[in-house]
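Please read them with the structure open beside you.

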Amino acid sequence: GLNFIDLMVRQGNIDNPPKTPLVPGFECSGIVEALGDSVKGFEIGDRVMAFVNYNAWAEVVCTPVEFVYKIPDDMSFSEAAAFPMNFVTAYMMLFEVANLREGMSVLVHSAGGGVGQAVAQLCSTVPNVTVFGTASSFKHEAIKDSVTHLFDRNADYVQEVKRISTDGVDIVLDCLCGENTGKGLSLLKPLGTYILYGSSNVVTGETKSFFSFAKSWWQVEKVNPIKLYEENKVIAGFSLLNLLFKQNRGGLIKGVMDKLINLYNSKKIKPVVDSLWALEEVKEAMQRIHDRGNIGKLILDVEKAPTPLMANDSTETSEAGEEEEDHEGDNENKERMPFIQ
């Protein structure tokens, strides 16, 4: 699976990245080829999905058994590679951190992305939950049925939300950071929870820019604890990778995965796969995420042959924040045409 965190790794916008050369990637699916001597519960030939602390974008992957889960019979390998990061992140934020209950309201940014779609699906498992979402306008037709109220990502969503819900919302899920932090906090109802789980506004251009990082950081509203106390608001952060690999909460995550697999088997949730890419096409795949062109998850498929380059193919990277209205069937984009689900 490709995630926005992979772009941050590529640009160096993370704490303590491993030394190069490295193989990126944090989640995958495949078939068990070998087992450690003391491993129980799995057999060679089992279909599995797994978290990996780097090295997931490889033909052969090794990871501790506590991060490995059996794939349901009805789930494809591409769905399984799209499942762990997005759905565990969405579930943990909604139910473990924010305590989502019947009748609550949620605002989620990047509603068309992998986590955004997982959030929308999980909210639909709780009665009468209102979901506000922001997304690029060209995605609205495809995702309009998954959220209650959908706004353009460049619009003044604060006023739009307040027009519909005067008091604001119970939960804000922010993967953007920057100026959106203050906006999110301003939308919280009393006893509401704001959760920061990413900082995609830090990713710009093709290479890391310390200027853009600093600009994004200074846009963040400095939180006054006294103000939180006076307004009865909760601010939280969530990092699944730190929880797994630095804070040793694999057992907790396994319990969440069990619940999610039950929801999948009950046909209440289903991963949304945007497109499949060959390993050789990883640059173009990452560009699609960078330009926010995807609806759902991008998958690297080790068995897929590269798609032939289109005429006049270009590998130039677009400027940060610019979005392409139609990524499929547009020869002007000069990009590879992946297999779109």
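The numbered points below go from the whole chain to single residues.

1. **Overall make-up.** Keep in mind that this is a predicted model. The chain has 341 residues, and 49% of them are buried. Its secondary structure comes to 12 helices and 12 strands. Look at the contacts with a separation of 6 or more: 68% of them join residues 24 or more positions apart.

2. **The largest nonpolar core.** This core holds 59 residues. Phe51, Phe83, Leu173, Ile253 and Leu260 have the most contacts inside it. Which helix gives the largest share of the core? Helix H3 does, with eight residues. A second core is separate and has 17 residues, including Val32, Val48, Met286 and Ile289.

3. **Leucine 173 in detail.** Pick out this residue from the core. Setting aside residues up to four places away in sequence, leucine 173 touches Met93, Leu94, Val106, Leu107, Val108, His109, Val119, Ile195 and Tyr197. Met93 and Leu94 are also among the buried residues of H3. Val119 is one of the buried residues of H4.

4. **Helix H3.** This helix covers residues 84-97. It is mostly covered, with 11 of its 14 residues buried. The buried residues are Pro84, Met85, Asn86, Phe87, Val88, Thr89, Ala90, Tyr91, Met92, Met93 and Leu94. Just after H3, asparagine 99 takes a positive phi of about 55°.

5. **Helix H4.** How many of the 10 residues of H4 are buried? The count is 10 of 10, for residues 114-123. What covers them? The cover includes helices H3, H5 (140-143) and H11 (250-265). It also includes strands S4 (105-108), S5 (130-135) and S7 (169-174).

6. **Aromatic pairs.** A search of the whole structure finds seven aromatic pairs. Take phenylalanine 51 and tyrosine 69: their ring centres are 6.0 Å apart and their planes meet at 90°, so the pair is edge-to-face. The pair links distant parts of the chain, 18 residues apart: phenylalanine 51 is in strand S2 (residues 47-51) and tyrosine 69 is in strand S3 (residues 68-70). Both phenylalanine 51 and tyrosine 69 are buried.

7. **A longer link.** Phenylalanine 67 and phenylalanine 245 also form an edge-to-face pair, 5.0 Å centre to centre with 80° between the planes. This pair links parts of the chain 178 residues apart. Phenylalanine 67 lies in the loop between S2 and S3, and phenylalanine 245 lies in helix H10 (residues 240-245). Both phenylalanine 67 and phenylalanine 245 are buried. Elsewhere, Phe83, Phe87 and Tyr264 form one aromatic cluster.

8. **Charges over rings.** The charged end of arginine 47 sits over the ring of phenylalanine 77, 4.7 Å from its centre. The charged end of lysine 70 sits over the ring of phenylalanine 42, 5.7 Å from its centre.

9. **Cysteines.** How many disulfides does a search of the whole structure find? The answer is zero. Why does cysteine 28 count as buried? Its relative accessibility is 14%, and the cut-off for buried is under 20%. Cysteine 123 is also buried, with a relative accessible area of 2%. Cysteine 123 is one of the buried residues of H4.

10. **The loop between H12 and S11.** Helix H12 spans 282-290 and strand S11 spans 297-300. Glycine 293 counts as buried because its relative accessibility is 4%. Its C-alpha atom is separated by 8.5 Å from that of serine 136, which is 157 residues apart from it along the chain.

11. **Asparagine 294.** At 10% relative accessibility, asparagine 294 counts as buried too. Its side chain reaches the backbone oxygen of glycine 296 at 2.7 Å. Leaving aside neighbours within four places in sequence, asparagine 294 is in contact with Gly112, Gly113, Lys139, Asp274, Arg288 and Ile289. Ile289 belongs to the second core from point 2.

Definitions and conventions. Residues numbered from 1 in each chain as written. Predicted model: local features only at pLDDT ≥ 70, side-chain atom pairs only at ≥ 80, totals over all residues. Heavy atoms only, no water. Phe/Tyr/Trp six-rings, centres within 6.5 Å; stacked < 30°, edge-to-face > 60°. Helix = DSSP H or I, 4+ residues; strand = E, 2+ residues; numbered from the N terminus. Buried < 20%, exposed > 50% of the residue type's maximum accessible area, 1.4 Å probe, protein only. Lys NZ or Arg CZ within 6 Å of the ring centre and 35° of its normal. Contact = heavy atoms within 4.5 Å. Disulfide = S-S within 2.5 Å. Core = buried A, V, L, I, M, F, W, Y, C linked by side-chain atoms within 4.5 Å. Polar contact = N/O pair within 3.5 Å; in protein donor to acceptor, adjacent residues only side chain to side chain.
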